[in-house]
Amino acid sequence: MPNFALSIRKSLTVDTDSTVVAESETANAAQAGNGDSDSGVVIETRNLSKIYRDFWGRKKVNALKSLDIEVRKGEVFGLLGPNGSGKSTTIKLILGLLFPSSGRVLVFDKDASETSKNERIGYLPEESYLYKFLTAEETLDFYGRLFDMSGAARKQRVSELIELVGLQGAKHRQLREYSKGMTRRVGLAQALINDPDLVLLDEPTTGLDPIGSREMKDLILSLKKQGKTVLLCSHQLADVQDVCDRVAILDQGELKELGRVADLLKVQDVTEIHTQRLRPEVEAEIKAIIEREGGTCTIDNPTATMEDLFLNIVRESEARPGARRVSGTGTPQEAAKEDQKTEESQGEAGQ
Ligand SMILES: Nc1ncnc2c1ncn2[C@@H]1O[C@H](COP(=O)(O)OP(=O)(O)O)[C@@H](O)[C@H]1O
Ligand SMILES: [Mg+2]
């Protein structure tokens, strides 16, 4: 009897849940000495609303309407929504860069307007306004000075961060020579200079290619592993699905959905089984069992995501420069066979 590696989605979800609980407990333990309350809530918005007004005080845009969310210690929380749905406004209200029109934001149990909380927050704005004639090293050193870090501490932190965001090869180049992706990485390093407990990321993957985007997502997951709390906002559905534990979906300033990503995406009345490739007789037997139960089933090979495919191709091309992989079957020999088949069938059609 072959040893099938069965993984049923229901049990997967349970696994995911328990990992997150275990990890956030570690995070709680890690931060227990920080003088935080035991509530485990890092950000709380209460009935938070923002109306932008024009110069004359006339109502211009109702950007956020009665938002109630809680972001807990150690989780990656996503604000997802189309352009103009109020994501950046929410982040700016949390930072205390904007004042609410009504309602409140509490960060580390303090009102968002209290500046002392900012020492524990890192922020990557939607557009990084970095001085383009400085190198990455000088930029980070500058931000280290703003946090009153000593020379030795700054030097160490700057080199750690440059390594973390993968800019060792470019650290002496001025930022004006950087690509959008590299600038985004400096932005992230700058957000982490003070080793913050809470990291706010506004559209962290904007302008990044799939590789840069994957690396940014891996960095976010590594922040979570270190016990940090991350709130990110994005209009990229894949970002949120790949890294967030919970998500709030906003539209036109209103909260439309809030919950665990795994729960929101679970299709309740379908069971999914993963196993190795089955012999046709076994497939037929499984189908027969399911039909006996009055059900229907389709058995197929799973598809990878376009991201997986792209990353594999790029990695392979870096490992073996010059090798050409042709779609579908993979090897050039098989591709040549396919070409021959096509030529033959065209020949037949022409006869
Ligand atoms: N400073 C501002 N003055 C007036 N309206 C603004 C300002 N900033 C944002 N808005 C408006 O508020 C709404 C929400 O914007 P924003 O929070 O930036 O959305 P998102 O980040 O989800 O794209 C949009 O309609 C936007 O045009
Ligand atoms: Mg925005």
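Me: How do β4 and strand β9 (residues 229–234) pair, parallel or antiparallel, and over how many bridges?
Reply: Strands of a sheet pair through backbone hydrogen bonds, either parallel or antiparallel. In this predicted model, β4 and β9 pair in the parallel sense, over 5 bridges. One place to look is L80, which stands opposite S234 in β9.

Me: Which way does β4 run against strand β10 (residues 246–251)?
Reply: These two strands run parallel as well, joined by 4 bridges.

Me: Is β4 buried or exposed, and how do I read that?
Reply: A residue is called buried here if 20 or more other C-beta atoms lie within 10 Å of its own. For β4 (residues 76–80), 5 of the 5 residues are buried, so the strand is largely enclosed by the rest of the structure.

Me: Which residues of β4 point one way and which the other?
Reply: In a regular strand the side chains alternate between the two faces of the sheet. In β4, V76, G78 and L80 point one way, while F77 and L79 point the other way. All of them are buried.

Me: What is the strand order of the open sheet of 6 strands?
Reply: The order is β7-β8-β9-β4-β10-β11, and the pairing is mixed. The edges are taken by β7 (121–124) and β11 (254–260); each has a single partner strand, so one side of each is left without a neighbour in the sheet. On average, neighbouring strands of this sheet are turned by 15° against each other, direction ignored.

Me: How does β7 pair with strand β8 (residues 198–202)?
Reply: The pairing is parallel and has 4 bridges. I121 stands opposite L198 in β8.

Me: Which strands does α2 touch as it packs on the sheet?
Reply: α2 touches β4, β7, β8, β9 and β10, and its direction makes about 150° with that of β8. Helix α6 (residues 210–225) also packs on the sheet, touching β4, β8 and β9. The direction of α6 makes about 155° with that of β9.

Me: What is the order of the open sheet of 4 strands?
Reply: This sheet has the order β3-β2-β5-β6, with antiparallel pairing. β3 (59–72) and β6 (110–111) stand at its edges with a single partner strand each, so one side of each is left without a neighbour in the sheet. Within it, 5 bridges join β2 (residues 41–53) to β5 (residues 102–107). On this pair, R46 stands opposite R104 in β5.

Me: Which residues are around ligand 1?
Reply: The shell consists of Y52, K60, V61, A63, G81, N83, G84, S85, G86, K87, S88 and T89. By class, that is 3 nonpolar, 7 polar and 2 charged residues. β3 and α2 (87–95) each supply at least two residues of this shell.

Me: Which residues touch the most other members of the largest nonpolar core?
Reply: The core has 56 residues, and I94, L161, A189, L200, I220 and V230 touch the most other members. Take A189: leaving aside its neighbours within four places in sequence, A189 is in contact with L140, L161, I162, L164 and V165.

Me: Where does D195 lie?
Reply: D195 is in the loop between α5 (180–191) and β8. It counts as partly exposed because it has 14 C-beta neighbours inside 10 Å. D195 and R157 are 38 residues apart in sequence, with a C-alpha to C-alpha distance of 8.9 Å.

Technical notes. Residues numbered from 1 in each chain as written. Chains lettered and ligands numbered in written order. Predicted model: local features only at pLDDT ≥ 70, side-chain atom pairs only at ≥ 80, totals over all residues. Pairing = 2+ DSSP bridges. Near = placed C-beta within 6 Å. Nonpolar A, V, L, I, M, F, W, Y, C, P; charged D, E, K, R; others polar. Core = buried A, V, L, I, M, F, W, Y, C linked by C-beta atoms within 7 Å. Buried ≥ 20, exposed ≤ 12 C-beta atoms within 10 Å, placed from the backbone. Contact = placed C-beta atoms within 7 Å. Axes fitted to C-alpha atoms, helices over the stretch in contact; angles between N-to-C directions.
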